[in-house]
Amino acid sequence: MASLRSRLIAAQLAVVLVGVLALAVGVEWTLRRHPPAFWAELLASLPADDLASSTTLLLALVRRITFRALFFAGLAATLTGLLTSWLLTGELLRPLRDLARSSRRIAVGHYDERVAMPASTELATVAESFNQMADTLEQIEAQRVALIGNVMHELRTPLTALGGYVEGMMDGVLPADERSFDQMDHEVRRLQRLVADLQELSRVEAGQVRLSLEDVDLTALTARLVQRLAPQAMAMGIALTLNDNAGSLFVHADPDRTTQILINLVGNAINYTLEGGTIIVSVNRRNGLAEVTVEDSGIGIAASDLPFIFERFFRTDRSRDRRTGGSGIGLTIARHLAWAMGGDISATSEGVGQGSQFSLSLPVGRTASNPV
Ligand code: ADP
């Protein structure tokens with residue numbers, strides 16, 4: 001693969017070279033066409049006593065030879081120039097035409113369109129970037145289609161249930177009593193939660209969350225949250241405890257968003273831990289970051305599911321079986337929020353039935369009690 005610049009230079013040099021060669025051949029050919037006897041005869045025929053007209057005659061001859069040689073050289077150089085230009089523009093225009101055609105096809109929704117790699121390095125770079133852009137567009141389109149499918153799926157279940165209740169009541173099969181209304185209310189709340197989650201998801205994915213970052217004591221914030229959720233865990237027969245050996249640890253984060261993330265992590269731990277299980281929340285400093293770890297003895301996550309746990313709408317089969325399960329958006333939102341604050345969330349599990357461990361890391365704050 002040669003660069004376009006070197007090909008252009010080579011083409012110009014070829015034109016010059018052919019011109020010079022043709023000139024040399026033309027001069028040589030004209031001179032050779034006339035044997036030495038011709039020149040001797042010519043010189044002898046010049047009027048010896050009239051120097052001015054002899055010179056004029058000789059100059060006219062030299063001029064004729066020069067112009068003839070120049071004519072052939074010009075013709076050869078022009079033909080070479082036309083040929084190299086035709087070849088080069090062909091090489092340049094073909095990939096550009098390909099790019100224009102592929103762009104038009106992508107614009108009307110053919111996201112699988114790609115261009116072939118051109119010979120020149122510069123054009124190959126453009127083609128490579130174009131193909132990368134097409135890859136990304138194809139992925140985004142696939143995600144969009146998957147999102148619509150997932151949203152439809154999530155909406156269908158509560159809507160079908162609600163439709164069933166209304167129909168049952170209208171047909172007199174179901175009594176219009178408190179229990180039926182409670183169940184309908186449950187489905188309506190599920191729909192409301194889903195809509196709120198989707199709204200939040202689109203905001204965090206678009207990077208539109210407003211954060212008010214400040215130095216917050218992560219240990220105190222976590223302790224308050226554990227205190228708040230402990231009764232809920234206890235009601236389900238789960239022991240929720242805080243391990244705060246590290247003492248005060250300040251992070252530079254949005255306290256409300258940090259609480260929201262931790263509610264999601266501890267809430268999941270409660271949802272996916274069976275009665276008699278334990279959840280230990282600990283606050284530590286690790287690798288220059290502050291970290292809250294939520295470790296449960298719950299249903300665990302299979303190694304094959306772990307890489308997808310933060311994807312939109314992803315739920316493991318075992319969590320689908322549990323009535324407590326949500327729509328699989330919570331962790332996606334939580335991770336985007338953590339990223340927005342300069343942190344991250346990671347998950348580990350020894351496998352199904354072995355419990356899980358989720359860690360939220362956040363940048364440490366610059367507070368006196370927290371020397372960096
Ligand atoms: P959901 O609302 O369904 O809990 P999340 O996004 O919070 O959605 O979690 C996605 C999935 O990750 C869950 O459906 C579940 O399969 C799995 N998961 C999350 N936390 C845990 C946990 N502590 N133990 C086992 N599985 C978990």
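These legends accompany close-up views of a predicted model.

**View 1. Helices H6 and H7 cross each other.**
Start with helix H6, which covers residues 218–235, and helix H7, which covers residues 255–271. Their axes come within 10 Å and cross at roughly 40°. The crossing of H6 past H7 is right-handed. To find where the two helices meet, look on H6 for Leu218, Leu221, Thr222, Leu225, Arg228, Leu229, Gln232 and Ala233. Their partners on H7 are Pro255, Thr258, Thr259, Leu262, Ile263, Val266 and Ile270. What kinds of residue make up the contact of H6 with H7? There are ten nonpolar, four polar and one charged.

**View 2. Helices H3 and H4 run roughly parallel.**
Here you can compare the directions of helix H3 (51–107) and helix H4 (121–170). The axes of H3 and H4 come within 11 Å and cross at roughly 10°. Angles under 35 degrees count as roughly parallel, so H3 is described as roughly parallel to H4. On the H3 side, the contact involves Glu91, Leu92, Pro95, Leu99, Ser102, Ser103 and Ile106. These residues meet Leu123, Val126, Phe130, Ala134 and Leu137 in H4. Sorted by type, the residues of this contact divide into nine nonpolar, two polar and one charged.

**View 3. Gly109 sits in the loop between H3 and H4.**
Follow the chain from helix H3 to helix H4, and you will pass Gly109 in the loop between them. Gly109 has a relative accessibility of 35%, so it counts as partly exposed. How far apart in space are Gly109 and Asn245? The distance is 57 Å from C-alpha to C-alpha, and the two residues are 136 residues apart in sequence.

**View 4. Aromatic rings pair up.**
A pair of aromatic rings is described by two things: the distance of the centres and the angle of the planes. The count for this model comes to four aromatic pairs, and two of them are described here. Phe71 and Phe72 form an edge-to-face pair, with 5.5 Å from centre to centre and 70° between the planes. Phe71 is exposed, at a relative accessible area of 53%, while Phe72 counts as partly exposed at 39%. In the pair of Phe308 and Phe314, the ring centres are 5.9 Å apart and the planes are at 35°, so this pair is tilted. Phe308 has a relative accessibility of 37% and counts as partly exposed. Phe314, at 22%, also counts as partly exposed.

**View 5. Asn287 and Phe313 have positive phi values.**
Asn287 is not a glycine, although it has a positive phi of about 50°. You will find Asn287 in the loop between strand E4 (278–286) and strand E5 (289–296). Phe313 is also a residue other than glycine, and its phi is near 65°. Phe313 belongs to the loop between E5 and helix H8 (317–321). Are these residues buried or exposed? Asn287 is exposed, with a relative accessible area of 75%. Phe313, in contrast, counts as buried at 5% relative accessibility, because buried means under 20%.

Methods: Residues are numbered from 1 along each chain as its sequence is written. This is a predicted model: local features need pLDDT of at least 70, side-chain atom pairs count only at pLDDT 80 or more; totals for chains, interfaces and linings use all residues. Side-chain values use heavy atoms; hydrogens and water are left out. Axes are lines fitted to C-alpha atoms, for helices over the stretch in contact, and angles run from 0 to 180 degrees between N-to-C directions. Helices (H or I, at least four residues) and strands (E, at least two) are DSSP runs, numbered from the N terminus. A crossing is left-handed if the near helix is turned anticlockwise from the far one by less than a right angle, and right-handed if clockwise. Contact means heavy atoms within 4.5 Å. Ala, Val, Leu, Ile, Met, Phe, Trp, Tyr, Cys and Pro count as nonpolar, Asp, Glu, Lys and Arg as charged, and the others, Gly among them, as polar. Rings of Phe, Tyr and Trp (its six-membered ring) pair if their centres lie within 6.5 Å; planes under 30 degrees apart count as stacked, over 60 as edge-to-face and the rest as tilted. Buried means under 20% relative accessible area, exposed over 50%, partly exposed in between (1.4 Å probe, protein chains only). Angles under 35 degrees count as roughly parallel, over 145 as roughly antiparallel, 65 to 115 as roughly perpendicular and the rest as oblique.
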